[in-house]
Amino acid sequence: MPAPARYSRSIDWVTVGLYAFMVLLGWLNVYAASYSPDAPSGLFNFDFNYGKQLVWIGTAVVLIVILLVIDYKAYDTLAYVLYGGMILLLLLTLFIARPIAGSRSWLELGPVRLQPAEFAKFTTALAVSRYMASINLRHQNWRDQLILAGMTLLPVVLIIASNETGQALVYAALLLAYFREGMSPLILIILASAGIILILALLVPTMWLLGTFTLILVLVFVFNTRIFRHHLPVALSVWAIVIGMVFGVNYFFNSVLHEYQRKRIEVLLNPSADPLGVGWNVTQSKIAIGSGGFAGKGFLQGTQTKFDFVPEQSTDFIFCTVGEEWGWLGTITVVILFMALLARILYVAERQKSVFGRTYGYCVASIIFFHFSINIGMTIGLAPVVGIPLPFFSYGGSSLWSFTILLFILLAIDAYRKQDLNR
């Protein structure tokens, strides 16, 4: 164990400062979103979210100290153990968790509720980072690819089974970390193309798409006879897969998704659909953000906030509180803070000497970026409402703890790296 003074100098205090400032701003906005002038005064009023959030922040500080004291080698050594334990906990949650808002994803320990799906992100990031440190993605075989895919998808399946689709989508962001370590860009291109086709299948009538893709295939053969002679089976296979995806999307949308999930997608595609039902949250959120103007209405002066027009305003929709009370200046400040944090995380990741440390750093950046972009996107109507919290801002102990653990494991690995270099 290094000397405390020397070790403290090895900690990346720029990242710590950004974290502390964002948590403070988050608490101020949770306070604004849940404050009532008729309530008894006091920051520790546990009848309101701002009082509870202070407790979560205090316990997060204790977590930080523990994470930084633990030898960094433990995170590598215990990566698979932590991952396996979390998989078992996710399985257990499916059977013992009480249904809350249609989801079996919360474990209740007396007055405390924790969501294992939040913590599965850092254990999965550790496990895949350790696995990728043992292989070379640039020259990997199919067995390596299947193992990595299985490690990534196993928690996804369990989280979807608990009806937490939003939390499951986060794992798609890990592809960015895999790409950094040598995953073929062809995989990203294929997935991006598939995403475009899926969106088109929701926006354009099926027969139009069928005719368009068939016409493209015919034109390719007419103007490039070489493809016709040498690649006909491949071209026809791609065409069949695309058409199958188009019909598959329609079946999945109409026969598999729950009604509330279909409504959310319909509202995203057509914001005026169901403005008093499923579209209420997004409509009121955009009104709140727009009403803030350039400099906002002022702290505790937001009318949309005070009269609870936006449900879940201290959790998933905390960004609209920022927009209403702090205006464009406040929202751009939050965006800049996240960009600065992500840039710093990538800087820390790139200076790691081990594949494990570098990959884990990119996993951290990918997960935070996904949450940041999707959360803000859904508050302004650019992404479906999927229950994604804004890191360090949204109210909730599971969210704050999970992002704190995710970030400070990286800082612990980085601090010990600098100690090793100084020996």
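A cavity is a set of points, on a 1 Å grid over the protein atoms alone, where a 1.4 Å probe fits but cannot get out. Its volume is the space filled by probe spheres set on the points, which are joined across faces, edges and corners. This is a predicted model, in which local features need pLDDT of at least 70, side-chain atom pairs count only at pLDDT 80 or more, and totals for chains, interfaces and linings use all residues. Residues are numbered from 1 along each chain as its sequence is written, and side-chain values use heavy atoms, with hydrogens and water left out.

**The cavity**
- A search of the whole structure finds 1 cavity of 30 Å³ or more.
- The largest cavity holds about 50 Å³ of space.
- Its lining residues (those with an atom within 4 Å of a point) include Leu90, Arg104, Pro116 and Leu158.
- Two or more lining residues come from each of α5 (79-96), α6 (116-133) and α7 (142-161), where helices are DSSP runs (H or I, at least four residues) numbered from the N terminus.

**The packing of α5 and α7**
- The axes of α5 and α7 are 9 Å apart, at an angle of about 20 degrees; axes are lines fitted to C-alpha atoms over the stretch in contact, and angles run from 0 to 180 degrees between N-to-C directions.
- α5 is therefore roughly parallel to α7 (angles under 35 degrees count as such).
- In contact (heavy atoms within 4.5 Å) are residues including Tyr80, Ile87 and Leu90 of α5 and Met151, Leu154 and Leu158 of α7.

Technical notes: 1 Å grid on protein atoms, 1.4 Å probe; cavity = no way out; pocket = protein on both sides within 12 Å on 5 of 7 lines; lining within 4 Å. Parallel < 35°, antiparallel > 145°, perpendicular 65-115°, else oblique.
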